[in-house]
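Let's walk through how this fold packs on the inside, one question at a time. Have a look at the model first.

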Amino acid sequence: RNFKWLSELGGERYCSEMIRFILIQNRAGKTRLAKWYMHFDDDEKQRLIEEVHALVTVRDAKHTNFVAFRNFKIVYRRYAGLYFCFCMDLEDNNLGYLEAIHNFVEVLNEFFSNVCELDLVFNFYKVYAVVDEMFLAGEIRETSQSKVLTQLRYLNTLE
């Protein structure tokens, strides 16, 4: 891959073509997971969380699941009362990341045997383990559900 170095946020240099952050939020705006692959201070993180929630929750179901956001775009999907949001570069593949979200949700569903919001709340450390198995440094690490689930089951035996 050819990586381009851009300086768009606060003069920092960062590599393009990657996930910037992952958010899982409910309809009320409670963040159930936040994984950051780019440095933001705490105040900026809170602003981003609020802005993304305000952006995706008001969109009608007939609209696409891609929306421009600052110098990036948000790709999101709603499952029951949860919004799974990925922030990425404008030139990244929308459908690829939409599929990655769906794959992530399927792994969560299999791992927690019919996942619900409370599983994310009370087993947040396991959800972060799933994220870390599937995504690494803002890149898709593994797409095979069976490989991810095998590794997660092994990690569960170590508890």
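A quick definition before we start: a crossing counts as right-handed if the near helix is turned clockwise from the far one by less than a right angle, and left-handed if anticlockwise. Keep in mind that this is a predicted model.

Q: In which hand does H2 pass H4?
A: Look down on the pair and ask which way the near helix is turned from the far one, since clockwise by less than a right angle counts as right-handed. For H2 passing H4, the crossing is right-handed.

Q: How many nonpolar residues are in the contact of H2 with H4?
A: On the H2 side you'll find Asn-103, Phe-104, Val-107, Leu-108 and Phe-111, meeting Lys-126, Val-127, Val-130, Val-131 and Met-134 in H4. By class, one residue is polar, one is charged, and the nonpolar ones number eight.

Q: Which element gives the most to the largest nonpolar core?
A: That core has 31 residues, with Phe-104, Leu-108 and Val-130 among those with the most contacts inside it. Strands S3, S6 and S7 and helices H2, H4 and H5 each give two or more residues. The top contributor, with nine residues, is H2.

Q: How many residues does the second, separate core have?
A: Val-56, Phe-72, Tyr-76 and Tyr-83 are among its members. The count for this second core is 18 residues.

Technical notes:
Residues are numbered from 1 along each chain as its sequence is written. This is a predicted model: local features need pLDDT of at least 70, side-chain atom pairs count only at pLDDT 80 or more; totals for chains, interfaces and linings use all residues. Side-chain values use heavy atoms; hydrogens and water are left out. A nonpolar core is a set of buried Ala, Val, Leu, Ile, Met, Phe, Trp, Tyr and Cys residues joined through side-chain atoms within 4.5 Å. Buried means under 20% relative accessible area, exposed over 50%, partly exposed in between (1.4 Å probe, protein chains only). Helices (H or I, at least four residues) and strands (E, at least two) are DSSP runs, numbered from the N terminus. Contact means heavy atoms within 4.5 Å. Ala, Val, Leu, Ile, Met, Phe, Trp, Tyr, Cys and Pro count as nonpolar, Asp, Glu, Lys and Arg as charged, and the others, Gly among them, as polar.
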